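Hi there,

Here is the structure I promised to send over. Have a look at it first, then read my notes below.

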Amino acid sequence: MHANLLIALYAFGGAAASGLAGAAALRLIRRRSLTVLLAVVAAVGVLAMLAGTLAVAWAMFLSPHDLTVVTTVVAMAAVVSLATALLLGRWVVARSRALAVAARSFGDGGSFAAPDGPATAELEAVSRELAATSAKLAASRERERALETARRELVAWISHDLRTPLAGLRAMAEALEDGVAADPGRYLTQMRTEVEHLDGMVGDLFELSRIHAGALPLSPARMSVYDLIGDALAGADPLAREHGVRLVGERVDPVPVEVDGKEMSRVLGNLLVNAIRRTPSDGTVAVAAARSADGVVVSVSDGCGGIPEADLQRVFDTGWRGTDARTPPAGAGLGLAIVRGIVEAHRGRASVRNIPGGCCFEVTLPAAP
């Protein structure tokens with residue numbers, strides 16, 4: 001028992017000395033290639049075994065022949081271990097380089113594609129994370145392109161819509177200044193109308209900027225959807241009469257909601273004005289409200305004839321007005337964008353779908369407790 005303990009101590013001492021030397025070497029070359037690190041680790045293992053064996057052999061006074069045999073066996077094991085470590089290191093390094101090249105491709109604006117062939121579990125995990133990051137970057141680039149396109153369209157459409165009333169105001173002002181206006185009172189009335197139109201456009205832009213900045217102030221209060229819709233129908237009735245459109249409030253349940261009354265009235269007003277302007281004379285605009293599993297759904301149906309399927313996803317985009325809405329009174333294409341912003345600020349959602357003869361805008365709001 002005493003001899004076995006002595007052998008264990010000698011073997012441990014020799015192996016520990018090799019291990020400490022290997023740890024120091026790894027610290028010095030920790031920034032080198034993985035192949036070099038694996039070679040050092042393999043060498044440390046072999047040297048630790050050799051040092052322990054030599055220490056035991058010296059303590060046991062082995063013959064020179066036996067010591068040579070032991071040293072030869074350890075040397076062959078060292079050669080095999082180093083060769084295996086080098087092969088493994090080169091394989092892992094090659095896989096890492098291929099992964100770095102693939103990662104560089106999606107960093108330059110492309111998409112990530114994992115290199116072919118087997119890899120270690122860690123490299124496979126890195127590949128999966130890079131693939132997920134690539135997908136997120138692609139979605140972010142797509143959103144950025146969509147926002148940039150919407151911004152350019154908004155600037156173009158705002159410039160178009162501002163040019164017409166400003167040109168009219170300039171012509172009428174020059175006529176009044178030169179004293180050639182046949183009916184100055186009518187000119188002044190028309191100028192006031194154009195100024196109100198411009199003021200409305202500026203107000204919409206300001207409202208939209210607050211929505212995008214997340215600075216829209218809300219003062220929620222408990223109220224009935226029935227009252228909200230009743231007030232909105234009363235406010236839109238003069239415009240509906242002017243266009244010869246019937247307003248119908250059907251299936252309006254008195255469901256309580258907790259919303260900002262002023263902002264939600266603007267939502268319903270924008271939806272009704274949009275529906276009235278796109279419904280032909282003698283058409284019908286219907287408003288409904290009912291409780292659903294998701295909350296309270298308020299819908300506005302019109303007789304516009306429907307929206308092309310390709311455009312349904314863009315209806316609520318800032319500045320989008322469709323191909324048939326290039327001229328007033330279509331506005332600057334901000335009404336539906338404001339609708340979505342206000343509804344989402346209330347933790348709701350806005351959507352649109354086609355129905356026979358027209359389309360249906362739906363606003364889903366959380367029900368009041």
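The chain has eight helices and seven strands; helices (H or I, at least four residues) and strands (E, at least two) are DSSP runs, numbered from the N terminus. Keep in mind that this is a predicted model, where local features need pLDDT of at least 70, side-chain atom pairs count only at pLDDT 80 or more, and totals for chains, interfaces and linings use all residues. Residues are numbered from 1 along each chain as its sequence is written, and side-chain values use heavy atoms, with hydrogens and water left out.

Of the 369 residues in the chain, 34% are buried (under 20% relative accessible area, with a 1.4 Å probe and protein chains only).

Now for the helix pairs. The axes of α6 (residues 225–243) and α7 (residues 261–278) come within 9 Å and cross at roughly 30 degrees. Axes here are lines fitted to C-alpha atoms, for helices over the stretch in contact, and angles run from 0 to 180 degrees between N-to-C directions. That makes α6 roughly parallel to α7 (the word covers angles under 35 degrees). On the α6 side, the contact (heavy atoms within 4.5 Å) includes Leu228, Ile229, Ala232 and Leu233, while Met264, Leu268 and Leu272 are among the residues that α7 brings. By class, the contact of α6 with α7 has twelve nonpolar, three polar and one charged residues. For these classes, Ala, Val, Leu, Ile, Met, Phe, Trp, Tyr, Cys and Pro count as nonpolar, Asp, Glu, Lys and Arg as charged, and the others, Gly among them, as polar.

α7 also packs with α8 (residues 335–345), at an angle of about 145 degrees and with the axes 9 Å apart. Here Glu263, Arg266, Val267, Asn270, Leu271 and Asn274 in α7 meet Gly335, Leu336, Ile338, Val339, Ile342 and Val343 in α8. Sorted by class, the contact of α7 with α8 has seven nonpolar, three polar and two charged residues.

Which residues of α8 are buried? They are Leu336, Ala337, Ile338, Val339, Gly341, Ile342 and Val343. Their cover includes α5 (184–212), α7, β6 (349–355) and β7 (358–365).

Happy browsing!

Methods:
Angles under 35 degrees count as roughly parallel, over 145 as roughly antiparallel, 65 to 115 as roughly perpendicular and the rest as oblique. Buried means under 20% relative accessible area, exposed over 50%, partly exposed in between (1.4 Å probe, protein chains only).
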